[in-house]
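Subject: Structure handover

Hello,

Here is the structure for you to open alongside this note.

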Amino acid sequence: MPNQDNSGIMIYAQITNENYIHTVFYELLDKAHELSQKLGNVEISAVIFAPESKLEEYKESFRNMGVNRVYYFDNPKLENYSSIYYSKLLQELVKEVKPEILLIGATTQGRDLAPRVSAGLHTGLTADCINLDINEKGQLAATRPTFGGQLMATILCKNYPQMATVRPNVFKVHSVNYETNTEFIKKDTSIIENLYNPVEIKEFKKTTQTLINDLDNAEIIVAGGMGLKNEKGFELLKEFADKIGGSVGATRPAVESGLAPHSIQIGQTGKTVRPKVYIACGISGAIQHTVGMENSEYIIAINNDADAPIFDIADCGIVGDVFEILPEYMKN
Amino acid sequence: MFKIALCVKQVPDTTDIKWTENNTIQREGVESVINPYDIYGCEFALKIKEQLNDTEITVFTMGPNQAQDMLKKLIALGCDKGVLISDKKFAGADTYATGKTISSAIKTVLPDFDLIVCGQFAVDGDTAQTGPCIAEFLNIPQVTYVKDFSEIDKKSVTLTRELEDGIETVKTTFPALICVLQDDFEPRRATINGIKHAQNQQIKTCNMEDLNLAPEQVGLKGSPTYVSKAFRNQSAHNAQKFELNLQDSINLLKEKIANAGGKDA
């Protein structure tokens, strides 16, 4: 039940392997400003796990962002992500700062960390939200797809902090300059000295894709489904994407039948994308797929089945055969 | 003996959802299936059993009585025991309360477990939360997004994780919990002997009292989150559809791609 002790919004700022703050943080921060306003301008804080030696660089990343406080943990044991250390320290910080809302990006790291933190704090967590709002009672109303994306559910939380994760590319960043004085506060990490962490990272190999793709930043995405039939279909798609300057994506069935790698899967169990144009080729339009792409600015669908559900969500639906249209397009 | 607790879930077949006139999901007559990711979890546990002598797999599921059939199917595939965690009071549990209940069942039935295996996601809720919640409640390490294992002995395992930007190799000692992603292999099928063997196996059932839990700790009451409303997803796109000849289709496509700033248009 509402507990007046809790106030403010805390956001976890993930540091990537390349030592910058993951972009999903800025997306969450943008939304946090909106929520903060609705709550009567409550404090916004961020948490980073970063060594003091790098702090000056990160200070730059937080400049004019409207973050009131940044809490940071510095300890050699925290150099690599560890669910045991990170979740314990985050839990302790939340108990001390008592935010009413805790937001975490739904990256693989965030999805590993957030449930552990919520269980330890005996509070609720709503995963992969597509919208966050404040209801008339001042509670966080977190909306997420469920049942394979076929149903949207708005979920409330009885305990504090109210926790939510949101995937990258779901919220837009509006560039606003805040003249906020950001205070950096170092937090004690001695509690982890007594914790046993048996998980040891042996190796990390960065993925080098043959299908060179940056779906997160692509302005044009050309995606294929089972209508592409075989690997040849995906080669055709890749050729077409190269021609128009797009990146290639795929549906879950196409990935599961081995036509495309998991890393380019778009949809509920894959990536969420929001390009300027999304060209769906041979995709029927199962909701499990469309939840991951319906925020695209403009959707073009090509499918030879005039009744395919993809046409219900396309701005421009072309009834036709991908294997005729794409080669002919590239010819002239 | 090396003891594995395999956690599985029965889910409605989400590829076959029908809507009522009020835009709610029609729940009657919807088939229940094993969560596809849990099939890979099962396969993962069975692969360990093949490599590590003297391994026993106990399958845990929380759900109604009918879930016994799923447990028997998994025993037919080579799992050893089934535990059904079932009580009307468990209904409406969110991931926190589910994690609490399943971790209590593991503590009660298999306190000396070495490894807990879960699927990375369930396709109905797709929260990926229950596994890490169980790990936190049991105070053990977790490794999520696991694709495969290489070396394993009774003390430790080397695992590969598929992350968004690469492949990570980690080693952990036991006890530990892992969440398994789908893999490229074809899951095995049950043999006739396996099916016969499974028919004669008793499924252990646990209710709330057996787990020493109180009504406030389970089900809807024990869940910090609750659904305030559910609604059908509506598209913001305008659904214009064109049935044209090939050349006109290409011209239309060119125009639309050019409007969006695509090259070569």
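Seven residues of domain 1 of chain A are in contact with eight residues of domain 2 of chain A. Contact here requires C-beta atoms, placed from the backbone, to lie within 7 Å. On the domain 1 side, two of the touching residues are nonpolar, four polar and one charged. Nonpolar covers Ala, Val, Leu, Ile, Met, Phe, Trp, Tyr, Cys and Pro; charged covers Asp, Glu, Lys and Arg; the others, Gly among them, are polar. Domain 1 is 9-194 and domain 2 is 220-331, with bounds from an automatic or database domain assignment. Their C-alpha centres lie 33 Å apart.

Some ground rules. This is a predicted model: local features need pLDDT of at least 70, side-chain atom pairs count only at pLDDT 80 or more, and totals for chains, interfaces and linings use all residues. Residues are numbered from 1 along each chain as its sequence is written, while chains are lettered from A and ligands numbered from 1 in the order in which they are written.

**Chain A overall**

Chain A has eight helices and 16 strands. These are DSSP runs, numbered from the N terminus: helices are H or I with at least four residues, strands are E with at least two. The radius of gyration is 22 Å; a compact globule of 332 residues would have one near 20 Å, so the value agrees. That radius is taken over C-alpha atoms, and the globule rule is 2.2 Å times the number of residues to the power 0.38. The C-alpha atoms fill a box of roughly 65 × 50 × 35 Å along the principal axes.

Of the 332 residues, 53% count as buried. Buried means 20 or more other C-beta atoms within 10 Å of the residue's own; exposed means 12 or fewer, and partly exposed lies in between, with C-beta atoms placed from the backbone. Among contacts with a separation of 6 or more, 67% are between residues 24 or more positions apart.

**The seven-stranded sheet in chain A**

The order is β5-β9-β4-β1-β2-β3-β10, open and parallel. Strands count as paired if DSSP finds at least two bridges between them. β5 (125-126) and β10 (183-187) of chain A have a single partner strand each, so one side of each has no neighbour in the sheet. β5(A) pairs with β9(A) (162-166) over two parallel bridges. One of the bridge pairs is Leu125(A) with Met163(A).

Helix α3(A) (83-97) packs on this sheet. It touches β1, β2, β3, β4 and β10 of chain A, and makes about 155 degrees with β2(A). Angles run from 0 to 180 degrees between N-to-C directions; axes are lines fitted to C-alpha atoms, for helices over the stretch in contact. Helix α4(A) (108-121) lies across β1, β4, β5 and β9 of chain A, at about 170 degrees to β9(A).

**A sheet shared by both chains**

Which strands make up the six-stranded open sheet? The order is β13(A)-β12(A)-β14(A)-β15(A)-β16(A)-β13(B), with parallel pairing. β13(A) (247-250) and β13(B) stand at the edges; each has a single partner strand, so one side is left without a neighbour. Helix α5(A) (231-244) packs on the sheet against β12, β13 and β14 of chain A, at about 170 degrees to β12(A).

Inside the sheet, five bridges join β14(A) (277-281) to β15(A) (298-303). Val277(A) is the bridge partner of Tyr298(A).

**The interface and chain B**

The contact between the chains takes 69 residues from chain B and 75 residues from chain A. The chain B side has 30 nonpolar, 23 polar and 16 charged residues.

Chain B has six helices and 13 strands. Buried residues make up 46% of its 265 residues. Its C-alpha trace spans about 70 × 45 × 40 Å along the principal axes.

Look at β6(B) (115-119): five of its five residues are buried. Leu115(B), Val117(B) and Gly119(B) lie on one side, Ile116(B) and Cys118(B) on the other. β6(B) pairs with β1(B) (2-8) over four parallel bridges, where Ile4(B) stands opposite Leu115(B). Five parallel bridges join β6(B) to β10(B) (176-180), with Ile116(B) opposite Leu177(B).

Best regards

Definitions and conventions: Contact = placed C-beta atoms within 7 Å.
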